[in-house]
Amino acid sequence: MVIKRGIKLENRNSQSGYLFDRAQKCIPGGVNSPVRAFRAVGGTPRFMQRAEGDRLYDVDGNEYIDYVCAFGPGILGHSIPRVVEALQRMCEKGFCFGAPTEQEVQLAELIAEMVPSIEVSRLVNSGTEAVMSAIRAARGFTGRDMIVKFRGCYHGHSDGLLVKAGSGAMTTSVPDSAGVPTGYTNDTKIAEYNDRAGVENIFKENPGKIAAVIVEPVAANMGVVPPEAGFLEFLRDITKKDGALLIFDEVITGFRLSLGGAQSYYGIEPDITVLGKVVGGGIPIGVYGGRREIMNMVSPVGPVYQAGTLSGNPIATTAGIETLRILRDNPEIYRNLDEKAGKIAGRVQDAGKGRVQVNRVGSLITVFFTPHPVRTYEDAAASDTDSYARYFHFLLDHGIYLPPSQFEAMFVSEALTEQDLEKTCECIEAFFETETSLEE
């Protein structure tokens, strides 16, 4: 394969450059979510115009093989005809009614069918809102205030959980946010992911005070860091013994690792699950749910208040219903995703041997630029971000769109073709060959 340079947009004369200049005058940093600004990798963000299958198309006429997949929702790829057709039919009927619809019931029934730990669920509008509400429900159910979270795990930007976070907060070297009063995080205890002893110490020091432990069952916001053998089982056991709840934040892993998410993948049943991304088929949505006795704490049945004007709107629920039905009726999708992701991970690890560690769980991948295994936040944070930036731009210049941060997950979609998969692997190999030749 002949590798040629192309798609360079460092000059401001590109349409993306022009739009970015305009955006910075009216939007903080020119973006509506921090990692999109390319500050972790440098250069000009690409402004996208459309997407189809495994491809993104920018305003300058360039096309890219997409491994961001909207940071997770695009498990099937973009503009899936069946989903688009269902949305068009629904749009003709109306966008939002401020009243119950059949689609809300259908989606909740599908979730209960696919995720056995969720007997009852409440639909909201984002993962952040779902986590915030799940924490409130856990506190209401247990009558306790304290929450345990893990450093580097990101659970949205609500005040009580934006401490030692991952995702964009890690990328911008701001693990804690300005504007969050100290009192909001006093009841949030921080543990290290994959560190059983640290969690045990927190429980020993705070007996009967912890409402819940919240965890990404596969950490995916400090890059992909899988749970070590027995870690999730340990969390399940220690919370049960103490009377605390176990909350799985499956905004990323839900319906991506398997039809039942990470909890089915690993065989662990949490008390409360938070969902997002895939469950809305690319339309904004969030879900929290669990055992009936816990969810009966939520208004209007119980005293834990939570409401939302756009919650369960028919556009988001329609997209979610069609996406989940496709996944349910085509179980081979998960095998295909695993094989494709496995091929990429293997080729990267071979090409970058001695330079990188490749962490993969299912169709989630992170290439860490470090020669050492990555099992903790500290391991991830030690990665060579300058090397990742070169890697990112080399692939971007050759029409391959990766997450613009070392600490975001790479996503593989069902739409990825064998031809595009092979092109990706060859470009990755060419990058490492180029790096070696430059060093020599």
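Strands S2 (residues 55-58) and S3 run antiparallel and are joined by 3 bridges. Leu-56 sits opposite Tyr-64 of S3. This is a predicted model.

The pair belongs to an open sheet of 4 strands, ordered S1-S2-S3-S13, with mixed pairing. At its edges are S1 and strand S13 (400-401), each of which pairs on one side only.

## Strand S10 and its partners

Where does strand S10 find its partners? S4 and S10 pair in the antiparallel sense, over 5 bridges. S9 and S10 also pair antiparallel, again over 5 bridges. Gly-289 of S10 takes part in both pairings: Ser-121 has Gly-289 as its bridge partner, and Thr-273 stands opposite Gly-289.

In a regular strand, side chains alternate between the two faces of the sheet. Both faces of S10 are covered. Gly-286, Tyr-288 and Gly-290 are buried on one side, Val-287 and Gly-289 on the other. S10 is largely enclosed by the rest of the structure, because 5 of its 5 residues are buried.

## Helix H4

Helix H4 spans residues 127-142, 16 residues in all. From first C-alpha to last, H4 reaches 22 Å, close to the 22 Å expected at 1.5 Å a residue. Gly-143 follows H4 and has a positive phi, near 75 degrees.

Which residues of H4 are buried? They are Gly-127, Thr-128, Glu-129, Ala-130, Val-131, Ser-133, Ala-134, Ile-135, Ala-137 and Ala-138. An α-helix has 3.6 residues a turn, so residues three or four places apart point the same way.

## Nonpolar cores

The largest nonpolar core holds 78 residues. Ile-111, Phe-255, Ile-344 and Tyr-391 have the most contacts inside it. A second, separate core has 28 residues, including Met-146, Cys-153, Val-199 and Ile-238.

What does Ile-344 touch, leaving aside neighbours within four places in sequence? Its contacts are Tyr-67, Ile-365, Met-410, Val-412, Leu-416, Leu-421, Cys-425 and Ile-428.

## The cavity

How many cavities of 30 Å³ or more does a search of the whole structure find? The search finds 1. The largest cavity holds about 60 Å³ of space. Its lining consists of Ile-365, Thr-366, Val-367, Tyr-388, Tyr-391, Leu-402, Pro-403, Gln-406, Glu-408 and Met-410.

Strand S12 (364-368) and helix H14 (385-397) are the elements that give two or more residues to this lining. S12 gives the most, with 3 residues. Some lining residues return from the core: Tyr-391 is among those with the most contacts inside the largest core, while Ile-365 and Met-410 are in contact with Ile-344.

## The second largest pocket

About 570 Å³ of space lies in the second largest pocket. Its lining has 30 residues. Which lie nearest the centre of the second largest pocket? They are Glu-104, Ser-121, Arg-122, Leu-123 and Ser-311.

Helix H3 (102-114) and S4 each supply at least two residues of the lining.

## Backbone exceptions in loops

Phe-38 is not a glycine, yet its phi is positive, about 70 degrees. Phe-38 lies in the loop between helix H1 (15-26) and strand S1 (48-52). Is Phe-38 buried or exposed? At 1% relative accessibility, Phe-38 counts as buried, given that the cut-off is under 20%.

Phe-71 is another residue other than glycine with a positive phi, near 60 degrees. The loop that holds Phe-71 runs between strand S3 (63-66) and helix H2 (81-93).

Ser-299 and Pro-300 are joined by a cis peptide bond, with omega about 10 degrees. Pro-300 is placed in the loop between helix H10 (292-295) and helix H11 (314-329).

Definitions and conventions:
Residues are numbered from 1 along each chain as its sequence is written. This is a predicted model: local features need pLDDT of at least 70, side-chain atom pairs count only at pLDDT 80 or more; totals for chains, interfaces and linings use all residues. Side-chain values use heavy atoms; hydrogens and water are left out. The expected span of a helix is 1.5 Å times one less than its number of residues. Buried means under 20% relative accessible area, exposed over 50%, partly exposed in between (1.4 Å probe, protein chains only). A nonpolar core is a set of buried Ala, Val, Leu, Ile, Met, Phe, Trp, Tyr and Cys residues joined through side-chain atoms within 4.5 Å. Contact means heavy atoms within 4.5 Å. Two strands pair if DSSP finds at least two bridges between them. On a 1 Å grid over the protein atoms alone, a cavity is a set of points where a 1.4 Å probe fits but cannot get out, and a pocket is an open set with protein on both sides within 12 Å along at least five of seven lines; lining residues have an atom within 4 Å of a point. Grid points are joined across faces, edges and corners, and a volume is the space filled by probe spheres set on the points.
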